[in-house]
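Me: Hi! Could you walk me through this structure while I have it open?

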Amino acid sequence: MTRVTGRSGDDVVGDPAGVKRARYAVAAVFAVHGAVTGSFATRVPWIQDHASVSTGQLGLALAFPAIGASLAMPLAGRISHRFGARAALRGLISLWTLALVLPSVAPNLYTLCLALFVYGASAGMADVAMNALGVEIENRLGRSIMSGLHGMWSAGALVGSAGGTLAAHLGADARLHHALAAGVLTVLGLTACRWVLDLRPTEDEVPPPRFALPPKSALVIGAIGFCAVFAEGASLDWSAVYLKDELGTSAGLAAASTTGFMLTMALARLIGDAVVNRFGAVRTVRAGGALAVLGGLLVVVAGDPAVAMGGFALLGLGIAVVVPLCFAAAGHAGPNPSQAIAGVATITYTSGLVAPSAIGSLAQATSLVVSFGLVTVLASGLAVFAGVLRAGERDRPKVSRPSAAVPDPRP
């Protein structure tokens, strides 16, 4: 049995206050992780100019974060087994926050690709480690918290984006901006890690493999995540273009559509746990899938910007809790949560990589209307296949509060 300890090393399985502190600590780590992403995304134009790369070369370079994440994520379980969950998260979140500096100092395409590979690898490993801890706390509490944790990630991304937007508006050098942001976020991440649960293996527990194919359960659950992340990536990258090119709106109104989509997702995730705890993961995702399909249909048939913006908002509302619930289901469905979470994360990262280019290619061959028709079809898969999340609901302890009588749910 895996022992769970608190900051002082004492057993916290039956300590409600310790589990509550750990929940808030992991939520802070999620926010730090998101803030790095937001800080980077707003300075991509500066990075492109600094590295002197064309739009096509930038598109190639931006594939490397997903490649690095996909290759490195299976290592997270091994690192946690070797050093313990708290020490592993402390190291991996620091690696991620400090990696923010790398893309802005890259002088050319080759170094930019290498920097983004390291950036993505560190992001993916930290992602797996913090989600595994989130699932463990969810087990202790006996109720859904993963949607709220991902809501904190979205909130962190919005804060990071706001800071990056301000820095860009002031004409600040991204190297200085990212160095300062990395320093602040590293301190915040390390501070939060002091209170996370510390999962440590028993002496006879076999360490996970360095690299392994995702288990079958992760593949099935990951398919749901693939559909949601495809819709998310398409909407984030193409909603503004859709309004501008298809509906003839101003650049400002088009950008507001993307911001509205992000805000809708963030708010839905922050309140999503209450819905999941009331109705369950399967019914929540089915209802979300129906909302996402309705949103996609509004986008496809929209002849007015307000209708399209409403459609994108419904898309964001419908898919918001899907990925958090996929991570939770993966962590609950098998004997090796880190490996299953890494498998689901790999599939969702791949979807995020494929979606923007797939939408663009299909739009070039047909139109953006047809592209978002594809998004709508994939969104319908959420409602149809939501039942695969039921295994995680069965395996989760059904308790109203932590208790000393609740055993460790891991074999």
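**A chat about the fold**

Reply: Happy to. The accessible surface of the protein chain comes to about 16,700 Å², and 67% of that belongs to carbon and sulfur atoms. Please keep in mind that this is a predicted model.

Me: Noted. How many helices and strands does the protein chain have?

Reply: There are 18 helices and two strands in the protein chain.

Me: And what share of the 411 residues is buried?

Reply: Buried residues account for 52% of the 411. As for contacts between residues at least 6 apart in sequence, 85% of them join residues at least 24 apart.

Me: Let's look at some packing. How do helix 6 and helix 10 sit relative to each other?

Reply: Helix 6 covers residues 85-99 and helix 10 covers residues 174-193. They pack at an angle of about 170 degrees, with axes 9 Å apart. An angle over 145 degrees counts as roughly antiparallel, so helix 6 and helix 10 are roughly antiparallel to each other.

Me: Which residues meet there?

Reply: From helix 6 you have Arg86, Leu89, Arg90, Ile93, Ser94, Thr97 and Leu98. They meet Ala182, Leu185, Thr186, Gly189, Leu190 and Cys193 of helix 10. Sorted by class, the contact of the two helices has seven nonpolar, four polar and two charged residues.

Me: While we're on helix 10, is Leu180 buried or exposed?

Reply: Leu180, which is found in helix 10, counts as exposed because its relative accessibility is 55%, and the cut-off for exposed is over 50%. Leu180 and Val101 are 79 residues apart in sequence, with their C-alpha atoms 9.1 Å apart in space.

Me: Switching to helix 4. Which residues are buried in that one?

Reply: In helix 4, residues 64-72, the buried ones are Pro65, Ala66, Gly68, Ala69 and Ala72. They are on the same side of helix 4, because the arc they cover around the axis is only 165 degrees.

Me: Why would residues a few places apart point the same way?

Reply: An α-helix has 3.6 residues a turn, so residues three or four places apart point the same way.

Me: Nice. What covers the buried residues of helix 4?

Reply: The cover includes helix 3 (55-61), helix 5 (75-83), helix 8 (109-141) and helix 16.

Me: Helix 16 again, then. What about Ser351: buried or exposed?

Reply: Ser351 is found in helix 16, residues 337-365. It counts as buried, because its relative accessibility is 0% and anything under 20% is classed that way. Leaving aside neighbours within four places in sequence, Ser351 is in contact with Phe226, Val229 and Phe230.

Me: I also clicked on Phe372. Where is that found?

Reply: Phe372 is in helix 17, which runs over residues 368-385. It is buried, with a relative accessible area of 2%.

Me: What is Phe372 in contact with?

Reply: Setting aside its neighbours within four places in sequence, Phe372 is in contact with Ala234, Ser235, Trp238, Tyr242, Val299, Val300 and Phe312. There is also a C-alpha to C-alpha distance of 8.6 Å between Phe372 and Ala231, which are 141 residues apart in sequence.

Me: Back to helix 8. What can you say about Val118 and Leu141?

Reply: Val118 has its place in helix 8 and counts as partly exposed at 33% relative accessibility. Leu141 also lies in helix 8, and counts as buried at 5% relative accessibility.

Me: Which residues is Ser39 in contact with?

Reply: Apart from neighbours within four places in sequence, Ser39 is in contact with Leu100, Gly160, Ser161, His177, His178 and Ala181. Ser39 is in helix 1, residues 16-41, and at 5% relative accessibility counts as buried.

Me: Last one: what phi does Ser52 have?

Reply: Ser52 has a positive phi of about 55 degrees although it is not a glycine. Most residues other than glycine have a negative phi. You'll find Ser52 in the loop between helix 2 (44-51) and helix 3, where it is exposed with a relative accessible area of 61%.

Me: Great, thanks!

Terms used: Residues numbered from 1 in each chain as written. Predicted model: local features only at pLDDT ≥ 70, side-chain atom pairs only at ≥ 80, totals over all residues. Heavy atoms only, no water. Helix = DSSP H or I, 4+ residues; strand = E, 2+ residues; numbered from the N terminus. Buried < 20%, exposed > 50% of the residue type's maximum accessible area, 1.4 Å probe, protein only. Contact = heavy atoms within 4.5 Å. Areas by Shrake-Rupley, 256 points an atom, 1.4 Å probe, with all protein chains shown as cover. Axes fitted to C-alpha atoms, helices over the stretch in contact; angles between N-to-C directions. Parallel < 35°, antiparallel > 145°, perpendicular 65-115°, else oblique. Nonpolar A, V, L, I, M, F, W, Y, C, P; charged D, E, K, R; others polar. Arc of directions from axis to C-beta.
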